[in-house]
Amino acid sequence: MSPIMLELFFRSFWETVVMTVASGAISLVAGLPLGLALVATAKGGIAENRAINLALGAIVNGFRSVPFIILLVALIPVTRFIVGTSIGMWAAIVPLAIAATPYYARIAEVSLREVDRGLIEAVRAMGGNRWTIIREVLVPEALPSLVAGFTVTLITLIGASAMAGAIGAGGLGDLAIRYGYQRFETAVMVAVVAVLIVLVCVIQWAGDRLVARLDHKG
Amino acid sequence: MSSQTLAGRPADTDSVRDAVVRLTDVRRHFGETPAIDGVTLTVRKGEILGLIGRSGAGKSTLIRCLNGLERPDSGSIEIEGREITGLSEQALQPLRRRIGMIFQHFNLLSAKTVEENVALPLKIEGWSKEKRLARAAELLDLVGLAGKAKSYPAALSGGQKQRVGIARALAAGPALLLSDEATSALDPETTAAILDLLKDINAKLGLTILLITHEMEVIRTIADRVAVIDAGQIVEEGPVWSVFADPQTATTQNLLAGIRPGLPPAVAARLVPGPGGSDAGETILGVDLSGPEAGTLLSGLSAEVAGRLRLIHGGIDDIQGQPVARFFVGVPSSAGAAAQAIAYLERRGAKVEVFGHVADHA
């Protein structure tokens, strides 16, 4: 690989990491409350509300059913409004985050729903309110599972960020398509795939380590 | 502390002063089926009241009505003289801090250490970390788990987990402890230890305890009074020894079947109805008597039939310090001996049941 190619490679790697981490962070901050809201408003939840639950469910399903490449284009006006431009790495973070938020919300919902109802009952019985239940029961008890789900989300985002090349965001996926595939530079393709494999493995390993440390269920 | 409740079955529990809990005609339906069907019940200050019933009898629903986890459809629930049925969820929260609860599956938070679990009710009350951990240490000492403060619940045995549950329930200094099948998931030895602990706490702190169970053995070990619930209704209520000595309903008799002597099947199989008449035959009697008289009943009966008495099964049990006699005997069928024995037993105040006779007892 030429020095220019190498520089392009490192830049692409950095772009992938930034896009993944930034959109992942946003999806965590927005998706967890959304997941909590889905669980709380569900039947038998701590703030049961059928109308809100159905509305949230419909919004989540709506976003999740649109293919990401379509969402990327459809959200251009929104992206332009938020970032000021519709091309480049920062512009890609908006649709990535918007796609990952409902995705993580569903994963978080499943994790939170798995929390033993007896624990919620116990904290209600000791005089805890809804906020206490969220803070002391739902989130801490589901934490290992929430972290495992976030790991999955991050890895999914690495894959999705490849498509962000379509709006000039760069990243490893874009590099692989333009150089490795369209210009038949097999070495670039192999290098990109190898780096992506390592990246995914590292994230998964770190996630698993964290889960093991957080899990006290024995 | 329970001596005043031993005097006999109270005619009217509503007239009792110092009620911690007073339920009046409480009803709760799930769809068409009544889970609680008009329950009136009082829990007195300082007592251990056992509520027993089969699964689905309504006991879990009833106990959850007391801290507002379930809401009755109608009826009145007073906790320490305060009506709670109309209260909002927010208004119930401070009240729940006056009521501790322990559970069959312990319901400890797996992500918190033992001391954090015990301190949680105090955190909810807004205690500082230092104060609540000090209080948690005190309580862990009380339940015999002083060395386990920093452990996670997963590292504890079932009995230890329930001890943590008890410490947590006591943390906020409740006026009432609700126990929801607290020993049902434990082995017999651990059950005995946990019941001892509850009894100890009841004596030391004067804490009122309402426990629900499906095991008569639990009631027998720990309770002062028992209420039997069936199909959402209280079918029998009274001091434990009195209900054990003389169960009035089929429900209670069935619940007692495992721990009360019954006629051995081998004898029952050879039974012929009627008192019989032949010299070799034996009339089979079932005898129930409780109170101080019970101890001398068998020797008196033996003298009455000139020593020709055969004890088949049973004897004397001690329940809450009351001798409760229940035994099955064979007396000679001949020459009016059986009639004489029955007359003697009835004179002594015993309840006698004539099962029939067997031709001979070989």
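Colleague: Which residue just after α3(B) takes a positive phi?

Modeller: This is a predicted model, in which local features need pLDDT of at least 70, side-chain atom pairs count only at pLDDT 80 or more, and totals for chains, interfaces and linings use all residues. Residues are numbered from 1 along each chain as its sequence is written, with chains lettered from A and ligands numbered from 1 in the order in which they are written. Helices here are DSSP runs (H or I, at least four residues), numbered from the N terminus. With a positive phi of about 90° just after α3(B), the residue is B:Gly126.

Colleague: How many of the 12 residues of helix α3 of chain B are buried?

Modeller: A residue is buried if 20 or more other C-beta atoms, placed from the backbone, lie within 10 Å of its own. Among those that are buried in α3(B) are B:Val114, B:Val118 and B:Ile124, and their cover includes α7 of chain A together with α4 (129–142) and α5 (158–170) of chain B. For this helix, residues 114–125, the number buried is 10.

Terms used. Helix = DSSP H or I, 4+ residues; strand = E, 2+ residues; numbered from the N terminus. Contact = placed C-beta atoms within 7 Å.
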